[in-house]
Amino acid sequence: MKRFLLVVVIVAVAALAAYFIARQHRSAVPSTIANLLPADTALFIHIPDVEKNRDSWQRTDLYQLYREPAVQDFLQKPKSKLPEKGLVKDAWADSAALRIRNGFVATNGFDSLRLVGGFEFRCDEKKVVAIRERWETQLLTNLPGAQRTSADYEKHHLDIVSSGQLTLASTIAGHEFLAAATVEDLKALLDRVDGRLKTPALDSDGIFRAAMKQMPADYAWMLYLQPKQLAQKLMTLRAQNGRALPPDQQTVLERIQSYSHAMVFDGGKIRDVGFAAMPRLTETKLERTTLGLAPADTVLYSAFVANMQQQFDWVFEPVGSGSMAAPLQAITNALSSAGLTKEDWKAAFGDEISLMAAWSANAKLPGAVFTVAARDSARARKVVGAIASSSGWQKSSRNSAEYYSAPMSGVLTAVNPTVAVSDKLVVVGLDSASVDRMVTQAPAGNGLTASENFRATSKLVPEPQQMFTYVDLPSLYSRLDATLRPILQMSAAFVPGLSERLDPNKLPQPEVIAKHLSPVVASQSYVDDGYRSESVGTITIGQAAIAAGAAYAGAMIFQQNQLHKTPATLALPSASPSPSAPATTQPLPTP
């Protein structure tokens, strides 16, 4: 009897241990959802647990920055311009009320908007019904001619809102809310949920499973893309425009078998993981030969491998039309006039490229340099000399290298674009001092590699084989603040629309922001028949690029709005009316 009880206890302990391990280490393959989708699914987005993501987000450094009193004070005016209710705010509130788990959106084609999606809810079904009723009411209000109907399918009741523009069919199956852009797609989804449809599912697809093995198990959200259809559309467009590639050549998009991307909340930091399943583009491995030359005040260092022989074949091809046609044609003509061929280009340059920006505390602008390895120094000198000379750049020689300086107009004296070709490198920089440091291979002394912060941050990602990027985000923000804060304050004085949206005098001090920022690092290597990249930091490299693009787009939109408002703002008062003519107002012409 005692032995039997001992066995029961051991089995119970083992079961509990297995349960908790399974909770802490979920499978990297979202099998439950992938089994509901067809094998030819072209796009799949999965969010395992919205409630958990909300909690994790509030523990990040970025959220702690947002909660800073000085930041909240600065954002008070911009937030006051936002509507009290909106699509994003409503969706955020609804996701909290529904306690969503395993949310997903998918499609198996890009020809039309045939999306399917759904989620598991962990709340009372009455609350789900009420929220769905509100969603459908909003659709009926916003879609011209929209009508609501219903239908029964097997044991499920379908609610359908349709118009000439859009159809939304939805149902509640147990604790799952399911929806689709067509009634037929919703029925097919229900057939898989109920086990009636036995055709191969996405989870059985070998390409999908291989991609999921590269994704972290605890991701906050994940995207899977099968670009075959997009590549075929691109081929068709190229053929229609008379630019079809030879049968033995493919674009990068055509070579990609799948692309997957996931984001992870990693304590206070955010981590991105991406994987592109495709053949290897080059056998060259990254050496980071210029890393030892980076000084201690480097705010950006990036090195990557690019197939120079294939990526720049266009310099010897006829140039089409467009805003860049003239300068590109000038480069092509210069190389041809110098008697240089594709073979000379291929032999001149190596495959490793680096970008470095050092920014000292007392400088207004960073000293940025761009380098390319010189495989054949003699040919590299000929290529660079032909291009620079055709553009009117002045040549000089020092440090056993040939230098070319851009003709200066005297507008921006802090910038002096310079190109140099040495026995090892081709260096392009914004000032001659930065270029000199790279050409002379001057050791950085107590440089970037000696920084404990750099070494610790570099260990957060795998050893790079194809790409490595490091951004000292705290230092970069501090330098940008010192340069742009006076400009922002001056702009607010002359642009009324800007002061209406924010108060530059309330911009938080740089140390308030910088204390919540950490360096950002990224690496890429070729593993398991694909390129796998990782990035980690307060924000990731990809997120920083998206934020920069959004900021630029916002600035352009704001500028256009100001231009449209200018005539009304600058309208001249009309002269006193005369008895023979009515008073008129003559606005200034739009700039």
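This is a predicted model: local features need pLDDT of at least 70, side-chain atom pairs count only at pLDDT 80 or more; totals for chains, interfaces and linings use all residues.
Buried here means under 20% relative accessible area, exposed means over 50%, and partly exposed covers what lies in between (1.4 Å probe, protein chains only). Residues are numbered from 1 along each chain as its sequence is written, and side-chain values use heavy atoms, with hydrogens and water left out.

Asp528 sits in the loop between β19 (520–527) and β20 (530–537); strands (E, at least two residues) and helices (H or I, at least four) are DSSP runs numbered from the N terminus. Its phi is near 50 degrees, a positive value in a residue other than glycine. Most residues other than glycine have a negative phi. Ser400 also has a positive phi, of about 60 degrees, although it is not a glycine. Ser400 is found in the loop between β14 (394–398) and β15 (401–405), and with a relative accessible area of 64% it is exposed. Another loop residue, Ala361, lies between β12 (349–358) and β13 (367–374) and counts as exposed at 67% relative accessibility.

Next come the rings. A search of the whole structure turns up ten aromatic pairs, where rings of Phe, Tyr and Trp (its six-membered ring) pair if their centres lie within 6.5 Å, and planes under 30 degrees apart count as stacked, over 60 as edge-to-face and the rest as tilted. One of them joins Tyr63 and Tyr66, a tilted pair at 6.1 Å centre to centre with 40 degrees between the planes. Tyr63 and Tyr66 are about one helical turn apart because they are three residues from each other in helix α4 (residues 61–66). Tyr63 counts as buried at 18% relative accessibility, whereas Tyr66, at 32%, counts as partly exposed. Trp135 and Phe177 make an edge-to-face pair, 5.9 Å centre to centre and with 75 degrees between the planes. Trp135 belongs to helix α7 (residues 125–142) and Phe177 to strand β7 (residues 176–180), so this pair ties together parts that are 42 residues apart in sequence. Phe177 is buried, with a relative accessible area of 7%, and Trp135 is partly exposed at 28%. Phe44, Phe208 and Tyr224 form one aromatic cluster.

Charges turn up over rings too, meaning that NZ of Lys or CZ of Arg is within 6 Å of the ring centre and within 35 degrees of the ring normal. The charged end of Arg54 sits over the ring of Trp92, 4.2 Å from its centre, and Arg288 lies over the face of Phe468 at 4.4 Å from the ring centre.

What about contacts, counted as heavy atoms within 4.5 Å? In α6, Asp90, Asp94, Ala97 and Leu98 meet a set of residues in α7 that includes Ile131 and Trp135. Thr457, in helix α17 (residues 452–458), is buried with a relative accessible area of 6%. Leaving aside residues up to four places away in sequence, Thr457 touches Tyr470, Pro519 and Val521.

Terms used: Contact means heavy atoms within 4.5 Å.
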